[in-house]
Amino acid sequence: MIASHLPQLAALLLGYNLFVFATYFIDKRAARLGHRRVSERTLLMLALFAGSPGAITAQRLLRHKTQKEPFRTLLMGIAALHVLLIGGAVAFFAARRLGLV
């Protein structure tokens, strides 16, 4: 059921996270050049909707918004939420497969 769609889901998530990374890159470049920036709210919303891997990767590799608070804390909170959701989903499907649910 869900397992048959995992490759498509993985490709979709990879593509989206590349888009998030690119958006952070564009914002970093705009900051360096003094151009119009992407709002922090937009950057965090992109991370919230399954883009935290791309956002955190961009933040670390590009050294973008690494000291900016509360942005940094909010991004880490979003990533923690994603870890909890994925862990919960894995636990649920494992329990279901074992007949515990």
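Reply: Let's start with Arg37, which makes a salt bridge to Asp27 with the closest N and O atoms 2.8 Å apart; the term means a side-chain nitrogen of Lys or Arg within 4 Å of a carboxyl oxygen of Asp or Glu. Arg37 sits in the loop between helix H1 (6–33) and H2, while Asp27 is in helix H1, ten residues apart. The structure holds four salt bridges. Keep in mind that this is a predicted model, where local features need pLDDT of at least 70 and side-chain atom pairs 80 or more, while totals for chains, interfaces and linings use all residues. Residues are numbered from 1 along each chain as its sequence is written, and side-chain values use heavy atoms, leaving out hydrogens and water.

The axes of H2 (residues 40–62) and H3 (residues 71–97) come within 9 Å and cross at roughly 85°; axes are lines fitted to C-alpha atoms over the stretch in contact, with angles from 0 to 180 degrees between N-to-C directions. That makes H2 roughly perpendicular to H3, a label for 65 to 115 degrees. By class, their contact (heavy atoms within 4.5 Å) has 14 nonpolar, four polar and three charged residues. Here Ala, Val, Leu, Ile, Met, Phe, Trp, Tyr, Cys and Pro count as nonpolar, Asp, Glu, Lys and Arg as charged, and the others as polar. Among the H2 residues meeting H3 is Ala50, whose phi is near 70°, a positive value in a residue other than glycine.

In the loop between H2 and H3 you'll find Pro70, and the peptide bond from Glu69 to Pro70 is cis, with omega near 5°.

Finally, Met45, Leu48, Phe49, Leu81 and Leu85 form a nonpolar surface patch: residues with over 30% relative accessible area and no salt bridge, nonpolar side chains being joined within 5 Å. Together they have about 440 Å² of accessible area (Shrake-Rupley, 1.4 Å probe). H2 gives the most, with three residues.

Notes
Helix = DSSP H or I, 4+ residues; strand = E, 2+ residues; numbered from the N terminus. Parallel < 35°, antiparallel > 145°, perpendicular 65-115°, else oblique. Patch = residues over 30% accessible without salt bridge, like charges linked within 9 Å, V, L, I, M, F, W, Y side chains within 5 Å.
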